[in-house]
Each structure stands twice: as structure tokens, then as C-alpha cells.
Amino acid sequence: MLASELIKTYEEFCPQELSMEGDVVGLQIGSLDKEIQKVMVTLDVRENTVAEAIEKGVDLIIAKHAPIFRPVKDLVSSPDRDILLDLVKHDIAVYVSHMIGLSFISNINPYGARLIIYRILCILITKGQLTILLIILKL
């Protein structure tokens, strides 16, 4: 499956519009034309995350927090930049979804306090040989 197809399917359940204003969302590293066989879902893209992705042959990482959240002025080797360099070197795409299947919808009651209702929905998306489990928490 192409990254573009997988992301389109993912966004049917977790649309970018539900992210908060200013959140970094969308494909940050890689190509929408990339063939995807293995997906890793993570909170943060850290050195150990990238090492595991490389070891397991992951094609796409879906992360809650963007690995690039400030402008990158260069790609000279350093601890922070080595993560990005390794992702590019090993052709691992990174899609940022501040929701990771977590759609947050809140209402303000007349007294100004937040009304919070939790509902968990698990969704299995299967296309071809690729299966993704989304755990969606709605407020």
C-alpha cells in the first residue's frame, strides 16, 4: 500500500482538522509515493525508536510528537539531527498525528467547567497485507 493511501485511510478516523491550532501534523519525512509494508506507532521519535524501526524494517512511523518542531538550519551530525539523518538514510517516512488515534472533542458547560466523557473505540483497518489497529479515545 502506498503511504498516501494509508494516510488517507488513517485520516478518515483521525482527521487533521481535529488537531489543535499550531500542532505540526502530516507527513514530515519521506514520500507519499512510498510503498508501506510495516508501520510503527509511537509517542515520540527518539534514538531508540529509530533504532528499533531500522532493526524491524519499518517503512512508516506514525508519531504523536513531531521530530521536527523547530526550523532545521542544517543536517550536520549531532544527537538531535542524527535521528533525522538515520530516518532519511533508511528511507523511513514519518507522519505526525497529534492524535495517534486520539480524537479530542470537548464541550464547555454553562458553568465554564469542562464536561469530559470518555469513549474508547478500537478499529482494525485492513488493506491487502497491511493491518493497522487504531485505538480512538473520544472526549
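**Figure 1. The whole chain, element by element.** From the N terminus on, the elements of this protein follow the pattern α-β-β-α-β-α-β-β-β-β-β. Counted up, that gives three helices and eight strands. Please keep in mind that the model shown here is predicted. Of the 139 residues in the protein, 35% are buried. Among contacts with a separation of 6 or more, 64% link residues 24 or more positions apart. The protein exposes about 8800 Å², and carbon and sulfur atoms supply 55% of this area.

**Figure 2. Helix α1 and its two faces.** Helix α1 covers residues 3-13, and its buried residues are Ala3, Leu6, Ile7, Thr9 and Tyr10. Looking down the axis of α1, you will find these buried residues within an arc of 160 degrees, so they line one face of the helix. The face turned away from this buried side carries Lys8 and Glu12, which are exposed.

**Figure 3. From β2 to β3.** Strands β2 and β3 pair in the parallel sense, over four bridges. In this pairing, Val41 stands opposite Ile62 of β3. Together with helix α2 (residues 47-56), β2 and β3 make a right-handed β-α-β unit. The chain then crosses from β3 through α3 to β4, and this β-α-β crossover is right-handed too.

**Figure 4. Strands β3 and β4, side by side.** Strand β3 (residues 60-63) runs parallel to strand β4 (residues 93-96), and four bridges join them. To follow the pairing along the strands, start with Leu60, which stands opposite Ala93 in β4. Ile61 stands opposite Val94 in β4, and Ala63 has Val96 as its bridge partner there. In a regular strand, side chains alternate between the two faces of the sheet. In β3, Leu60 and Ile62 point one way while Ile61 and Ala63 point the other way, and all are buried. Strand β4 is likewise covered on both faces, with Ala93 and Tyr95 buried on one side and Val94 and Val96 buried on the other.

Figure 5. Ile29 has Val94 of β4 as its bridge partner.

Figure 6. Most residues other than glycine have a negative phi. Asp91 is not a glycine, yet its phi is positive, at about 55 degrees. Where is Asp91 found? This residue lies in the loop between α3 (79-89) and β4. Asp91 has a relative accessible area of 47%, which makes it partly exposed.

Definitions and conventions. Residues are numbered from 1 along each chain as its sequence is written. This is a predicted model: local features need pLDDT of at least 70, side-chain atom pairs count only at pLDDT 80 or more; totals for chains, interfaces and linings use all residues. Side-chain values use heavy atoms; hydrogens and water are left out. Two strands pair if DSSP finds at least two bridges between them. Buried means under 20% relative accessible area, exposed over 50%, partly exposed in between (1.4 Å probe, protein chains only). Contact means heavy atoms within 4.5 Å. Accessible areas come from the Shrake-Rupley method with a 1.4 Å probe; for residues, only the protein chains shown count as cover. The arc is that of the directions from the helix axis to the C-beta atoms. A crossover is right-handed if, with the strands pointing away from the viewer, the path from the first strand over the helix to the second runs clockwise.
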